[in-house]
Amino acid sequence: MTPDITTARAARLACRSNTPLPTAGMAPGFTQCNMISLPKDWAWDFLLYAQRNPKPCPVLDVTDPGSYRTALAPDADLRTDIPLYRIWRDGELVEEVADATPTWAEHPDLVTFLIGCSFTFETPLQQAGIEVRHIAQGRNVPMFLTDRDCRPAGRLHGKMVVSMRPIPAGRVAEAAMISGRTPAVHGAPVHIGAPEAIGIPDLSRPDFGDAVDIREGEIPVFWACGVTPQAAVMASRPPFAITHAPGHMFITDVPDTHWQA
């Protein structure tokens with residue numbers, strides 16, 4: 001059954017006008033996206049970077065230079081309809097804002113990339129009876145910078161970022177199968193258990209988002225994360241970029257089921 005599209009549009013209006021909140025659990029059944037906007041002369045480097053690293057950077061749409069519209073939600077405004085934006089200058093995070101319109105105007109040639117988000121497969125996980133802990137606890141998803149290098153492209157390089165969800169040991173294979181049906185939104189996990197094996201020293205101290213409880217009998221499961229482009233911004237230091245704040249996504253009009261393999 002296709003979810004009611006007015007749910008997605010109402011969620012975007014709430015993001016446009018209300019106090020910024022993480023979007024996990026909002027507009028269930030609709031695709032959510034990570035976002036990065038770069039000056040036109042960096043767009044080819046990023047497109048190549050995403051093509052070479054499709055697991056953390058699955059591109060769902062690319063705008064024309066200067067455009068703030070997307071075919072994924074034709075009535076939306078990419079400058080206002082994400083609950084919280086990050087402004088980057090020379091690789092440094094300088095500001096977080098709820099409305100990126102004034103900053104967007106500084107660079108009329110911005111090219112925006114919308115990238116698949118693991119929030120998209122959380123609804124099927126919940127429908128299968130697998131608790132998504134950060135939603136249950138009202139927190140932002142925990143995200144970690146790993147020691148895994150992404151394949152560089154042009155001027156861009158950086159480490160992979162992963163999101164983590166604790167899963168009961170007996171249901172890990174099922175969670176991997178469910179998420180694996182949607183390769184366009186990160187797909188199956190990239191790592192299971194043993195966080196130290198991918199350079200994560202402490203699950204109680206995520207690099208982005210919030211820590212969540214991990215209970216007895218649960219295993220930490222790690223999915224590639226669309227915050228990876230922000231790690232590339234920090235490492236590669238482009239002169240300017242606008243991104244979503246981690247966990248604060250763009251909600252599209254596209255049903256989750258559109259991406260199922």
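This is a predicted model: local features need pLDDT of at least 70, side-chain atom pairs count only at pLDDT 80 or more; totals for chains, interfaces and linings use all residues.

Analyst: Residues are numbered from 1 along each chain as its sequence is written, and side-chain values use heavy atoms, with hydrogens and water left out.

User: Which elements give two or more residues to the side of domain 1 that touches domain 2?

Analyst: Helices (H or I, at least four residues) and strands (E, at least two) are DSSP runs, numbered from the N terminus. Here the elements are β1 (30-38) and α2 (40-52). The largest share of that side of domain 1, seven residues, comes from α2. By class, the side of domain 1 that touches domain 2 has 15 nonpolar residues (Ala, Val, Leu, Ile, Met, Phe, Trp, Tyr, Cys and Pro), twelve polar and six charged (Asp, Glu, Lys and Arg), the others, Gly among them, counting as polar.

User: Where do the domain bounds lie?

Analyst: Domain bounds come from an automatic or database domain assignment. The assignment gives domain 1 as 5-117 + 236-259 and domain 2 as 118-228. The contact (heavy atoms within 4.5 Å) takes 33 residues from domain 1 and 35 residues from domain 2.

User: How is the area that the two domains bury to be read?

Analyst: Buried area is the accessible area (1.4 Å probe) that two parts lose on being put together, summed over both. Domain 1 and domain 2 bury about 2,800 Å² between them, with 61% of it on carbon and sulfur atoms. Y49, K55 and C117 supply 24% of the area that domain 1 buries against domain 2, more than any other three residues.

User: How many salt bridges are counted between domain 1 and domain 2?

Analyst: A salt bridge is a side-chain nitrogen of Lys or Arg within 4 Å of a carboxyl oxygen of Asp or Glu. The count between domain 1 and domain 2 is one. As for individual pairs, the side chains of D45 and R155 form a salt bridge at 2.7 Å, N to O.
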